[in-house]
Amino acid sequence: MPNRLSNIARLTVAAVSAGLLAAAITLPAVGGTGTLVVSATEELNLKPMVLEEPPLSQTSTVYDAEGNVIARFYDQNREVVRLDQIAGVMRTAIVAIEDDRFYEHGPIDVEGTLRALVTNFTSNRLSQGGSSITQQYVKQVLLNAADSEQDKNRALEASYARKLKELRYAMGVEQKYGKDEILRRYLNIAYFGAGANGVQAAAKRFFGVPAAKLDLAQAATLAGAVQDPNTTDPNRGKKARALLLTRRNVVLDRMAQLGRITPQQAAAAKAKKLGFRNVRQPNGCGDSSYPYFCEYVRHELLGDPAFGRTQRARERAFAQGGLKIYTTLDPKAQAAAEQAIKKHVNATDNALAAEALVQPGTGAIRAMAAAGAYGSSARKKQISFNAAADMRHGGLIGFQAGSTFKTFTLVTALKQGMKVDDGINVGNGYNAPSTASFKNCRKENIGDPSWTVTNDEGSPGFKTLRTGTWGSVNTFFMALQERVGLCPTVETAKSLGIVRADGNKLQEFETFTLGINETDPVTVANAYAAIAARGKYCEPTAITKITDAATGRTTSYRPSCRQALDPAVADATAHVLQGVFTKGTMRSVGGIGRPAAGKTGTTDKYASAWFAGFTPDLAGAVSIGDPRGSQRHRLVGTTIGGRYFPYVAGASLPGPIWKDTMTAALKGVPARAFTPLDTGRFGGCDADCAPDRPTQDPDRILPDPDQAFADPDQAFPGQDEDLDLDDAGEPGGAGGMR
């Protein structure tokens, strides 16, 4: 037998050197008289073969605007590192136990391979691998590249054909890389158990340290785990941990035997406990501190072709590509929104408050927050959707936005040349004069003379653009929308990015100005941000740049902006909306100690409530409603945040949440004033001055001094007037609004 083994060794060495084994190897089969012949024509053609090495599946990481990690996503928990980021003792341990002659032999460890071959032939089965680290790396590459179970089984099958193919690949790998690079690649691809792929993930998972900080006992533990990571997986219980401890000690003994450590060092390391810390590695938005913003980013990536040509490509890139995703989230603004909501709404309340903050002029989403615990289970009070966004970004159908939509009618009136103190005489009820009073954008008649819109409180009379807005007077805005046109009002809203949260077309009924369309805080906040930016609309943006781990290439994403409004019209709108805090529905809540503008919103029968507002530096929108069904579970006679409310209006909860948020988010930011009103074009003076005297323009609806809104403080501080519409169940929005 020794002579035969010597002959095989010489033959194999010659084959490796020449690149071709020209003769068959014939060995006696165990238990029989026949021979086992392995053909040399194909399977033993030991020429080097190029191994395709697809990028390793890595963890994608999401960062906030300051570079802090806010979420991780992975199919395989792996973080590829350089060799100098792996402790030297870890490299020593893995070589000692897996391939102690790694730096001495070529692509094939002839001694180890022949020892395994002899054992396998004499046992008549493949019982030993005898693989070098290079061969093990090849096997892991083939296994990771397998797309199907069949391919995975083929990569693991116990056959000589597979083994010889690995040898050819190993020869190609060693021609391509040096030994250190092969070792680095092996340590990054190997599976260590407990869901940890690669030494960096394993070090963090097992011991809570990076691979560079592993000590001797820890390194020996991980080196021992790679032989049978499933059997020694410490998460499987005491038996598996005991096996892993035994395996660690085997590694330490081997290191001492080879002289890589002293016997004393081995003994000291063996005296230590296993030390498995079971450090959980976050994965997905459910593990993020900012789950709603995280969901927005995830859906943005998966739904936008800019991040990949196909849905599958985007999913693979996100879960496997090791992307570094940098976002617009501002930790300070996020904390402000979260704390404000928590102050006013309990996580266990049926009513759900949500808020989004957007930077004017860029569309950058600075914060997204909501009451309630985020999660994917069906446990009570746990939210499994993005409460602050639309369905395209993981949300639901949203809530009707109420009187926040009156702003778009105001803008339309200013676009058409009305001045801030022009107005209309209105009563407590409004009926369309005829069926042709309103036309949608398809030029269809929408007006219904039998339909009555009412005010909840307040006096009839002459309302101007300013006083009608400050009091949020339903009948005034119905009459104003009749004058400026339904379709132009809809087009104004669309120009500012207003869409329905469910993705359907906006409902174009005469009550459009009263906010019958369901939408979401991100959409509304971004529309108001455009007004703050003097009419510059930018699409909502959550991602600033992405770095691809495979290529190292960084792609930056610039805001997509356009001028949606004449700057002077936007300035005039901001001028009017500033009075909401001093003369209107937010008067009882008050301002934020700096120039601010906004609009309350309360829907029919108190189904939902809103506040949307802005400063020159930040815009935000707050919604509150019951996600179980806002029309069935209205905000009437309800307890929220431990406080009883007979009803919830825009200034009852959304307004205070917005105020607290903006006060904290803008702390330390120098206050800026809005661009002053162009009085030559829009009349007026400032929010606290008396209305201008009427002009003599016969085409303008002129103010009537005898019916003027003499005391703007009557503008119903603390609530909207946009309430108690008839509930006839007509189409065009919940609550029967049309």
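This is a predicted model: local features need pLDDT of at least 70, side-chain atom pairs count only at pLDDT 80 or more; totals for chains, interfaces and linings use all residues.

Colleague: Let's take Tyr63 and Tyr326. What kind of aromatic pair do they form?
Modeller: A stacked one: the centres are 4.9 Å apart, with 15° between the planes.

Colleague: And where in the chain do those two sit?
Modeller: In distant parts of it. Tyr63 belongs to strand E3, residues 60-63, while Tyr326 is in strand E7, residues 324-327. That puts the two 263 residues apart.

Colleague: Is Tyr63 buried or exposed?
Modeller: Tyr63 is buried, with 12% relative accessible area. Tyr326 comes out at 21%, so Tyr326 counts as partly exposed, because the cut-off for buried is under 20%.

Colleague: OK, on to Phe206 and Phe276. Which geometry does that pair have?
Modeller: That aromatic pair is edge-to-face, at 5.2 Å centre to centre and 75° between the planes.

Colleague: What parts does the pair tie together?
Modeller: Phe206 is in helix H8 (residues 199-207). Phe276 is in the loop between helix H11 (263-270) and helix H12 (291-303). The pair therefore ties together parts that lie 70 residues apart in sequence.

Colleague: Are Phe206 and Phe276 buried or exposed?
Modeller: Both Phe206 and Phe276 are buried.

Colleague: Which residues form the aromatic cluster?
Modeller: One cluster is made up of Phe405, Phe408, Phe512, Tyr528, Phe614 and Phe674.

Colleague: Switching to charges. What sits over the ring of Phe102?
Modeller: The charged end of Lys179, 4.5 Å from the ring centre. Tyr326 from the stacked pair has a lysine over its face as well: Lys545, at 4.8 Å from the ring centre.

Colleague: Back to the strands, then. What is the strand order in the open sheet?
Modeller: The sheet has five strands in the order E4-E3-E7-E19-E20, and the pairing is mixed.

Colleague: Which are the edge strands?
Modeller: Strand E4 (69-73) and strand E20 (554-556), each pairing on one side only.

Colleague: How much is the twist?
Modeller: From one strand to the next, the twist averages 15°.

Colleague: Last one: how do E3 and E4 run, parallel or antiparallel?
Modeller: E3 and E4 run antiparallel and are joined by four bridges. If you want a spot to look at, Thr61 stands opposite Arg72 in E4.

Methods
Residues are numbered from 1 along each chain as its sequence is written. Side-chain values use heavy atoms; hydrogens and water are left out. Rings of Phe, Tyr and Trp (its six-membered ring) pair if their centres lie within 6.5 Å; planes under 30 degrees apart count as stacked, over 60 as edge-to-face and the rest as tilted. Buried means under 20% relative accessible area, exposed over 50%, partly exposed in between (1.4 Å probe, protein chains only). A charge sits over a ring if NZ of Lys or CZ of Arg is within 6 Å of the ring centre and within 35 degrees of the ring normal. Two strands pair if DSSP finds at least two bridges between them. Axes are lines fitted to C-alpha atoms, for helices over the stretch in contact, and angles run from 0 to 180 degrees between N-to-C directions.
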